[in-house]
Amino acid sequence: MYRIVRKEVLSPVITLMEVEAPRLARAAQPGQFLIVRADEEGERIPLTICDYNREKGTVTIVTQAIGASSKEICALQEGECFTDVVGPLGQPSEFVNLPDEELRKMSFVFIAGGLGTAPVYPQAKYFHEKGAKVDVILGAKSADLVILEKEMEAVCDNLYICTDDGSKGFKGLVTAKLEELMAQGKGYTQAVAIGPMIMMKFVTLTAGKFNLPLVVSLNTLMVDGTGMCGACRVTVGGKVRFACVEGPEFNAYEVDFDEAMRRQAMYRGKEMEEDHKCKIGRGR
Amino acid sequence: MAGRIPRVPVREQDPQIRARNFKEVCLGYTDEEAMLEARRCLNCKRPACMTACPVSVKIPFFIQAVAKGDFADAARIISIDSSLPAICGRVCPQECQCEGSCVMGVKGEPVAIGKLERFVADWSRENNVAFNATAPSNGKRVAVIGSGPSGLACASDLAKMGYDVTIFEALHKAGGVLTYGIPEFRLPKDTVVAAEIESVKRLGVKIETNVVVGRTLTIDDMFDREGFHAVFVGSGAGLPKFMDIPGENLNGVVSANEFLTRNNLMKAYKEGARTPIYVGNKVCVVGGGNVAMDAARTALRLGAQVTVVYRRTEKELPARAEEVHHAKEEGIEFMMLTNPVEIVGDEKGWVTALKCEKMELGEPDASGRRSPVAVADSHFNVEADVVIMALGTSPNPLIAQTTPGLERSRKGGLVATEEGATTREGVFAGGDAVTGAATVILAMGAGRKAAAAIDEYLKNKK
Ligand SMILES: Cc1cc2nc3c(=O)[nH]c(=O)nc-3n(C[C@H](O)[C@H](O)[C@H](O)COP(=O)(O)OP(=O)(O)OC[C@H]3O[C@@H](n4cnc5c(N)ncnc54)[C@H](O)[C@@H]3O)c2cc1C
Ligand code: SF4
Ligand code: FES
């Protein structure tokens, strides 16, 4: 069960795995996530569904080794199994409900930060296949952390790579690239940003200057992922929402990012004070 | 004669010691103690205890068997009406059911029916006594959603009737609240819960974990794609409620479900488990039900100083009397007639205190219940670095939202008849998913009724 049929090391710390989970693969839609446990003692770790193959009955996930749990996931080998994989969880991207002729009129810009490239991929692919215009801004610290470049190139019209140190593509932040593209009059009708909370916060400020509609995908802490615990609560539009069932995607302009960042660090901060190992939430 | 024997006390772990471990509090009766206690029963002609039992366990009959030392027969008698006696003996609110009506309680103490039930169930498990007569397979397939008491009871009855049953569970482990909610010190997971689940599996029931119905599979998929002939929904009432007061999203505020799930399902209390839990030094638990007691006593065992804040008085505490008693023995503080109005935090967004107001009980309303009303200008702060919200739960709407024709009531439960038939043909439901948060025994009873209704339905369907 949940066998890893393919493992690919994308960068020294980022690993891609294709995992057998037939029912999940059949039901998955862009925007949704799943939860894995590496072994019997393992944490339930939410990961975005990066791709799915309904015929083969597999889903693809991408994990960055940051804390104990994500390192454990990355250490699993091809042929080995996850103890648990459950999903798809959360709401699909709201745009999958649009009729094809509406989608063809849309012009998307996806802003992917670091591991956020993985969840952007299935959406870019889906909307590109449906005939929408799709541009992708892909940001990473440095060239060696740029992942899925070739795959992404194949599913978008323009791919703009940005690195903090200039080791690849544009030197600078994704927000600067977005400003530049907007200034060129790209005429995007919809932006989607997925990446670290802090990046999504600043993309929201930038997109706001251009009144560009923006959706973000929130990588909150989670336990069950089914609405049972409330660990994933976020304030959106002044209301408390459970990201695992009502999200993970929300209208960026309504999200309380400062609260979300603070809550995301709840266990991290306390553990570090107590000199424990860092345990991450959603592995992006 | 019976009247002269005082109720036989049950051995328990010492409060000081158990406040530091997760082992079961109650140690149960020995054979001799059980037989002695059983002899107190008057074997009433019209047993009030039985009438008060939600599933009408033949109480005086099984107690007579215990008195005679025929524990296997006692187990057989209980098994006619209850499929989870080791669990119900531990977690039923006996003081408002069987024991609350026992005639012995009028002048003295009621017969310890719960402890006797537990004794019999533990004895029969330890001695491998099972009542698993199963009918030959009839080739019909039933899907059961949820592996809590309602799902387990429904599945085992159907399996005994010859149905091919598969339980689909969203979490990675079966048992529902018995596994993720009720702590080890009240309901041992390996010896009791896992053993119950094993015995359901031994009847041929398959359990598939990691299937969220409505996401991984829909009920329509179950009929159209997976070849099931009927479905039972026993998905419980898992959605935690919050108070909607300022500061509820501060760091350090968690639902009791989250706190208990981290500890029970994810075993955060154990060395080697990787799920974190944050306990702090001073914990405030808001609420007065079993969930609140479980959260409070778990936090205590993890090393915190714990206060339970409840807006009515001790008399109204909905928790089992035994749990409140145990909590007090262990050193949990109770602040009654106290209602939180705000959670106060520091500049980094962590909880520092719970701001409360004093309450008093108002005039009785039409139902005779006295509602608490706030005392003017009575605000005060209770210091806390963790606040656990145990305000109750409601049914998860996911299954209803993804199943055409399945209606919900205004309170959020599935609409179902007494027998468990929902508004969708071939779909039955019971337990907390229908009633909202209730009890294990009611959920078990509902699961069994639905099993009978499913049998009726499938026999008559051509
Ligand atoms: C902390 C706590 C303490 C309690 N203490 C007591 C007590 O002392 N005495 C007592 O009598 N009662 C107690 N209760 C209440 C009692 O546990 C419940 O009433 C009872 O478990 C309800 O049983 P159920 O089968 O309806 O649902 P549950 O036990 O809630 O089981 C439902 C199961 O369905 C699963 N599920 C939900 N949605 C889906 C889906 N879409 N797909 C697949 N699976 C799904 C859930 O994961 C869960 O495992 C307590 C409850 C809690 C939370
Ligand atoms: S009411 Fe009490 S004394 Fe009478 S039969 Fe029941 S347990 Fe025995
Ligand atoms: S992760 Fe538990 S409710 Fe969202």
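This is a predicted model: local features need pLDDT of at least 70, side-chain atom pairs count only at pLDDT 80 or more; totals for chains, interfaces and linings use all residues.
**View 1. Chain B against chain A.** The contact draws 44 residues from chain B and 47 residues from chain A. About 3800 Å² is buried between the two chains. Carbon and sulfur atoms give 51% of that area. On the chain B side, B:Arg215, B:Asn249 and B:Arg274 stand out: they supply 24% of the area that chain B buries against chain A, more than any other three residues.

View 2. One joins the side chains of A:Glu72 and B:Arg274, at 2.6 Å from N to O. B:Arg274 is also one of the three residues that together supply 24% of the area chain B buries against chain A. Polar contacts across this interface link 26 residue pairs, with both residues at pLDDT 80 or more.

View 3. Strand S7 (239–240), strand S8 (253–255) and helix H14 (256–265) of chain B each give two or more residues to the side that touches chain A. H14(B) gives the most, with 4 residues. By residue class, this side of chain B divides into 19 nonpolar, 15 polar and 10 charged.

View 4. The side chain of B:Glu169 places an N or O atom 2.6 Å from an oxygen atom of ligand 1. Backbone atoms take part too. At B:Val213, a backbone N or O atom lies 2.9 Å from a nitrogen atom of the ligand. At B:Gly176, a backbone N or O atom lies 3.5 Å from a ligand oxygen atom. On its own, ligand 1 has 1000 Å² of accessible area, and the protein covers 94% of it.

**View 5. The shell around ligand 1.** The ligand is surrounded by 34 residues. The closest are B:Val91, B:Ser150, B:Glu169, B:Arg186 and B:Val213. Two of these names return from the previous view: B:Glu169 with its side chain, and B:Val213 with its backbone. Helix H10 (149–160), helix H15 (290–301) and helix H19 (440–460) of chain B are the elements that give two or more residues to the shell. H15(B) provides the largest share, 3 residues. The shell residues divide into 17 nonpolar, 12 polar and 5 charged.

Definitions and conventions
Residues are numbered from 1 along each chain as its sequence is written. Chains are lettered from A and ligands numbered from 1 in the order in which they are written. Side-chain values use heavy atoms; hydrogens and water are left out. Contact means heavy atoms within 4.5 Å. Buried area is the accessible area (1.4 Å probe) that two parts lose on being put together, summed over both. A salt bridge is a side-chain nitrogen of Lys or Arg within 4 Å of a carboxyl oxygen of Asp or Glu. A polar contact is a pair of N or O atoms within 3.5 Å; within protein, one must be able to donate a hydrogen and the other to accept it, and residues adjacent in sequence count only if both atoms are side-chain atoms. Ala, Val, Leu, Ile, Met, Phe, Trp, Tyr, Cys and Pro count as nonpolar, Asp, Glu, Lys and Arg as charged, and the others, Gly among them, as polar. A residue is near a molecule or strand if one of its heavy atoms lies within 4 Å of it. Accessible areas come from the Shrake-Rupley method with a 1.4 Å probe; for residues, only the protein chains shown count as cover.
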